[in-house]
Structure formats: structure tokens, C-alpha cells
Amino acid sequence: MHIKELTIAEFDAFALNNPLGTYYESSNYALFMAENNFEYEFLGLVDELGVIKAAALILIKKINYKYKFGYSPKGFLIDYFDTDLLNTFCEKLKEYYNKKLVFIKINPEIAIGEINKKSKLSNYNQNIIIRDYLKEAGFKKLKDNLYFESIFPRFNGIINLEEYNFDTFAKNTKNKIRKAEKKGLIIEKADREGLDILFEFIKKKKGVNEYYYKNYYNIFSKNNSCDLFLIKIDYEKFLLNSKKLYDQELAKNNELAEKLINNSSEININKKMNSDKALLSYKNDIELATLGLRNNKNTYLAGALTIKYKNRINIVISGIDTNYKKYNANYFLHHEIIKYFCKDYKYLDLNGLTGDFNKTNPYKGLNEFKLGFNPHIYEFIGEFDLILNNKVYDFLIKRGTLADYFKK
């Protein structure tokens with residue numbers, strides 16, 4: 001067997017038919033990373049009959065002024081249980097990149113366990129032995145990340161869309177979605193111009209660059225694999241809902257006022273005060289909705305960029321206008337995305353969460369938000385470096401070059 005540089009068509013066809021294929025191992029992602037100053041190559045391990053037995057997108061970049069590394073995002077595309085095949089592929093890659101690269105980084109999308117929702121502990125499966133196979137093939141296992149210290153999160157929330165049932169969501173999540181609906185929120189599928197709106201919601205996030213996500217959209221939208229969603233207020237719907245709620249609360253308030261005449265207990269007083277607050281809130285909503293309707297105003301509250309690949313939807317980035325937190329737009333956004341895709345796709349990837357389920361977790365709010373949609377939580381195998389030049393690799397480790405580079 002030998003290494004062969006694959007055409008785009010050959011690589012994409014192999015990736016589409018490989019169970020480990022994700023959009024990160026695609027020609028679209030290669031073109032996207034080229035916009036971020038990476039070189040790329042599509043390599044395959046081919047047998048004597050020309051049949052591709054394994055493949056990988058290899059992204060190449062200088063780690064400093066002198067040395068280069070390779071990176072196969074969520075790769076390789078190979079049967080990791082076939083140790084002979086794995087060892088052969090790694091040896092051939094070492095020969096192919098001899099003196100060209102210091103190492104090749106991989107982070108395969110191999111789930112080694114699923115989090116038990118009650119105990120919050122991983123129930124590990126047979127895939128965990130692949131860690132040993134990778135070490136035997138010359139890989140160095142990097143430290144497991146608890147939060148988001150690695151390129152990709154170690155834990156992901158995946159919703160099985162075929163199991164979608166609103167009633168299985170957490171109580172708090174369901175309440176927030178219902179409240180958002182009462183505020184007249186609706187989802188809108190946007191075109192490229194909507195990226196400027198989305199960027200306003202995500203620009204304060206760490207490392208976000210508007211051109212980064214514009215490149216994402218431009219490349220993946222060419223074959224209709226990218227969707228942009230925005231959430232806005234339908235002021236007519238908002239007004240009708242607010243008037244209905246105001247009328248219902250007013251009738252309730254009048255009943256409570258009658259009760260207080262005959263029984264001014266603390267319970268009745270508190271109920272009347274709470275009803276007064278609700279009436280005021282609904283009145284304010286009516287005024288806001290009326291003003292928005294009169295001005296023919298478009299008020300956008302949230303947005304998300306999604307990628308479609310095979311039977312799966314990936315939420316690449318999402319954000320909200322924090323001035324409208326009480327509208328619960330992020331809950332509404334994710335629920336609408338679930339509903340939009342549930343008939344045509346099998347999985348929705350909510351992107352990362354942390355493996356720390358304690359109350360002291362600094363990402364506790366993020367975890368609770370995603371857990372509220374009742375996803376399956378998978379623990380992935382982590383990051384590995386296939387070291388091609390031990391001397392230089394150790395030098396870069398000791399100098400802190402690798403740590404500094406990947407911290408970016």
C-alpha cells in the first residue's frame with residue numbers, strides 16, 4: 001500500500017461514505033481553512049488495486065518562523081480497530097512528510113463514553129481501547145481538557161432528532177420557550193446580509209472575527225450546506241398575545257380585588273400584588289408592541305450559523321442581544337432549529353459543553369442551557385499528536401511554543 005494525493009472528488013466521496021466523516025473532513029472545510037492561512041492536502045492510503053483504505057485532510061501551517069505541523073481535523077478517516085491498517089497509514093505518513101512536518105495533530109470524532117444524566121459519570125464503551133492503539137502507532141496522548149482548552153470540546157451534546165419531544169425538555173427550558181412565543185418571537189432564514197446582524201450578537205465572544213464567519217458562509221453556502229437563522233419580534237403577534245394576556249390578567253385581578261374586600265389575608269394580598277405587577281408588565285408589552293408595529297420596525301434578538309453534512313446539523317456559532325435577555329431568544333432559537341430540521345436530519349450537534357457538572361463550574365450556565373434540551377452527552381477520545389521529529393517536538397514543548405500557539 002502507498003500514499004496517494006487524492007482529488008477533491010475522490011476525497012469527498014470517500015468521506016461521505018465513511019462512518020467517521022464530518023464536515024471538518026471535507027473539501028469545503030479545506031477551502032475555508034485556506035482562507036485562514038493553512039495549506040491543505042487530501043491524502044489516501046491506496047492498496048494494490050487502487051482502492052482507498054484510509055484518508056485524511058491534512059492542514060499544514062508554520063508553528064513558528066521555521067517549523068511546520070500538520071493537522072487532520074476530526075481525522076483520520078480509518079478503521080481504528082484495524083491496527084495493521086492504522087500502523088501502516090501512520091508509517092506511510094511519516095515517510096511522506098519526512099523532514100517536512102514536526103508532527104500531525106488529530107482529534108477523531110470517536111465517542112468513548114456517554115454521560116449518565118443522573119450520576120453525570122461516563123459509561124465507557126469499547127472505543128476506549130483505541131487510545132492504546134494510537135499510542136502503539138506512535139501518537140502522544142495530550143492532556144484531557146475539562147473545559148475548552150483544546151481545539152475541540154471533549155464533551156458534546158447531541159440531540160437525536162428522531163426522538164424529538166418537547167415534553168422531554170427541562171421544565172425551565174419549556175417555560176422559557178413558551179414565554180418567548182408569547183413575546184411574538186419568530187424565526188427567519190436569512191441570506192448573506194444577515195451575517196452583519198449575527199455578528200452584532202457574537203462580536204464580544206473570545207477570538208471572534210466577522211470575516212471568519214463570512215468565509216464560513218461563503219464557502220459552505222455554495223453547495224447549500226450552510227444556513228443562517230435569525231430571531232426577530234413579530235410585533236403584530238406580540239401585540240395580540242399581550243392584549244390577550246392583559247385581558248386574562250385583568251379579569252383575574254378584578255376577582256382578587258373582590259376577594260380582598262371580604263378576606264384581606266396575607267395570601268390574597270400577595271396574589272393581588274403579583275397580579276398588579278403582571279398587569280403592568282403586559283401593559284408595557286402592549287405599548288412596546290404598538291410602537292414597533294407603528295414604526296414597521298425589525299428587532300432582531302438572536303442568530304445562529306448552521307452546517308448540514310450527511311444526516312447531521314452542526315450549530316457552528318450562536319448569539320443573542322443581551323439587551324433583550326428576558327425574551328429568552330436563545331432558547332426559542334435552538335428549539336426552532338430543532339423543529340426546522342427534525343424531519344429531514346437525524347442529529348443536531350449543540351456544540352461543546354464541559355465535563356464539569358459541579359455548581360462551581362464557571363460554565364455552569366452554558367451546561368444547564370444545553371442540558372435543558374435533553375441531549376445525549378458524549379465524551380470524545382481527545383487530542384493526539386503523531387510525532388514525526390522527536391527532537392524538534394521536544395524542543396518546541398520545552399520552549400512553550402506549542403502551548404502558546406494552541407492557546408490562541
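Here are some questions and answers about this predicted model.

User: Which conventions apply here?

Analyst: Happy to start there: residues are numbered from 1 along each chain as its sequence is written, and side-chain values use heavy atoms, leaving out hydrogens and water. The model is predicted, so to speak of local features takes pLDDT of at least 70, totals for chains, interfaces and linings use all residues, and side-chain atom pairs count only at pLDDT 80 or more.

User: How are α5 and α10 oriented to each other?

Analyst: Helices and strands here are DSSP runs numbered from the N terminus (helices H or I, at least four residues; strands E, at least two). Helix α5 (residues 171-182) and helix α10 (residues 329-341) pack with axes 8 Å apart at about 95 degrees, where axes are lines fitted to C-alpha atoms, for helices over the stretch in contact, and angles run from 0 to 180 degrees between N-to-C directions. Angles under 35 degrees count as roughly parallel, over 145 as roughly antiparallel, 65 to 115 as roughly perpendicular and the rest as oblique. The two helices are therefore roughly perpendicular.

User: Which residues of α10 meet α5?

Analyst: Contact means heavy atoms within 4.5 Å. On the α5 side, the residues include Lys176 and Ile177. Their partners in α10 are Tyr331, Phe332 and His335.

User: Is phenylalanine 32 buried or exposed?

Analyst: Buried means under 20% relative accessible area, exposed over 50%, and partly exposed in between (1.4 Å probe, protein chains only). Tyrosine 29, which lies in helix α2 three residues from phenylalanine 32, has 5%. Phenylalanine 32 has 0% relative accessibility, so it is buried.

User: What kind of ring pair do tyrosine 29 and phenylalanine 32 make?

Analyst: Rings of Phe, Tyr and Trp (its six-membered ring) pair if their centres lie within 6.5 Å; planes under 30 degrees apart count as stacked, over 60 as edge-to-face and the rest as tilted. The whole structure holds 38 aromatic pairs. For tyrosine 29 and phenylalanine 32, the centres are 5.7 Å apart and the planes at 45 degrees, so the pair is tilted.

User: Where is asparagine 374, a residue with positive phi?

Analyst: Most residues other than glycine have a negative phi. Asparagine 374 has phi near 60 degrees, and its 31% relative accessibility makes it partly exposed. Its place is the loop between α11 (364-371) and β15 (376-380).
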